[in-house]
Amino acid sequence: HALPTFENAMRNRPDPTPTGHDNPFAPRSVERLPYRRVGPDWIEVLDRLEAAGWEGAILGPPGSGKSAFLERLAQALDDDGFGVVRVRLDRTRRDRLGAQLRGLAARIRPEDVVVVDDADGLGVWAWYRLRRIGRRGAGLVASARTRTPLPPLHTAQTTPKLLEELIVDLLPWGSRPTATSVRRLYLRSGGDLRVAFETLRERYDREFRGVDDVTRTDAGVAR
């Protein structure tokens with residue numbers, strides 16, 4: 001039957017006295033979740049990337065799964081026989097960024113695809129250098145919130161159903177969120193899954209510290 005709060009589901013777990021490390025919504029647990037694809041299959045994604053000259057951008061708002069999609073794409077490229085060079089560029093200082101790009105250019109191989117996570121804020125000079133490096137190798141793929149000089153390859157997106165599936169994966173003792181509560185949490189988080197899981201992490205911690213909170217009913221759970 002329907003239970004009114006997310007916290008009631010917490011009380012139904014086998015061990016009702018968890019430590020701080022047992023919070024199922026802790027970052028380490030969320031980061032271990034397997035990627036759930038929303039959109040085209042990987043063969044189609046690779047076909048699109050090839051058609052675009054092995055350059056492409058993964059776009060989407062914060063918390064939409066861009067980094068997870070990019071990592072899964074990197075695995076698909078690796079499985080397809082490419083070398084994968086993962087890069088996170090330092091945009092805070094031009095000299096550090098320049099040193100990173102020079103180092104990347106020195107070690108790139110013809111079979112390597114450069115994979116850049118969080119490419120927002122790169123200037124024209126950096127993009128010019130980065131694309132030249134990618135063309136010396138086998139390609140370049142990057143994730144960003146907004147448009148880049150690279151052809152758009154995929155727009156990451158989230159849905160209430162995806163959020164529900166991930167919550168179920170994190171609750172190992174049989175509780176399941178109601179569709180209404182998940183949709184409410186999704187809308188309040190603006191579709192940002194990081195914000196949604198942080199909200200659930202804090203709510204879980206408050207419950208087991210005995211702190212009352214009038215917003216608890218926003219995460220009802222059914223069994």
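The questions and answers below go through a predicted model, strand by strand and contact by contact.

This is a predicted model in which local features need pLDDT of at least 70 and side-chain atom pairs count only at pLDDT 80 or more, while totals for chains, interfaces and linings use all residues. Residues are numbered from 1 along each chain as its sequence is written, and side-chain values use heavy atoms, with hydrogens and water left out.

Q: How many of the 5 residues of strand S2 are buried?
A: Helices (H or I, at least four residues) and strands (E, at least two) are DSSP runs, numbered from the N terminus. A residue is buried under 20% relative accessible area, exposed over 50% and partly exposed in between (1.4 Å probe, protein chains only). Strand S2 covers residues 55–59 and is largely enclosed by the rest of the structure, because the number of its residues that are buried is 5 of the 5.

Q: Which residues of S2 point the other way from Glu55, Ala57 and Leu59?
A: In a regular strand the side chains alternate between the two faces of the sheet. In S2, Glu55, Ala57 and Leu59 point one way, and the residues pointing the other way are Gly56 and Ile58.

Q: Which residue of S5 is the bridge partner of Leu59?
A: Two strands pair if DSSP finds at least two bridges between them. S2 and strand S5 (residues 139–144) pair in the parallel sense over 5 bridges. Within this pairing, the partner of Leu59 is Ala144.

Q: Which residue in S6 stands opposite Ala57?
A: Strand S6 (residues 152–155) also pairs with S2 in the parallel sense, over 3 bridges. Opposite Ala57 stands Pro152.

Q: What is the N to O distance in the salt bridge of Glu55 and Arg131?
A: A salt bridge is a side-chain nitrogen of Lys or Arg within 4 Å of a carboxyl oxygen of Asp or Glu. The side chains of Glu55 and Arg131 meet in such a bridge, with an N to O distance of 2.6 Å.

Q: How many residues apart in sequence are the parts tied together by Glu55 and Arg131?
A: The salt bridge of Glu55 and Arg131 spans 2.6 Å, N to O. Glu55 lies in strand S2 and Arg131 in helix H6, so the parts that the pair ties together are apart in sequence by 76 residues.

Q: Why are Arg201 and Glu198 separated by about one helical turn?
A: Arg201 forms a salt bridge with Glu198, the closest N and O atoms being 2.4 Å apart. Arg201 is partly exposed at 22% relative accessibility, and Glu198 is partly exposed at 31%. The separation is about one helical turn because, in helix H9, the two are apart by 3 residues.

Q: Where is Trp54 placed?
A: Trp54 has a positive phi of about 60° although it is not a glycine. Its relative accessible area is 19%, so Trp54 is buried. Its place is in the loop between H3 and S2.

Q: What is the relative accessible area of Asp118?
A: Asp118, not a glycine, likewise has a positive phi of about 60°. It sits in the loop between strand S4 (112–116) and helix H6 (124–136). Asp118 counts as partly exposed because its relative accessible area is 29%.

Q: What is the distance in space between Arg194 and Pro62, C-alpha to C-alpha?
A: Arg194 lies in helix H9 (residues 193–208) and is exposed, at 56% relative accessibility. In sequence, Arg194 and Pro62 are 132 residues apart, whereas in space their C-alpha atoms are apart by 8.0 Å.

Q: What is the distance in space between Asp205 and Ala26, C-alpha to C-alpha?
A: Asp205 also lies in helix H9. With a relative accessible area of 15%, Asp205 is buried. Asp205 and Ala26 are 179 residues apart in sequence, and their C-alpha distance is 9.9 Å.

Q: What is the N to O distance between the side chains of Asp90 and Arg96?
A: Asp90 is partly exposed, with a relative accessible area of 21%. Arg96 is partly exposed too, at 42%. Their side chains meet in a salt bridge with an N to O distance of 3.7 Å.
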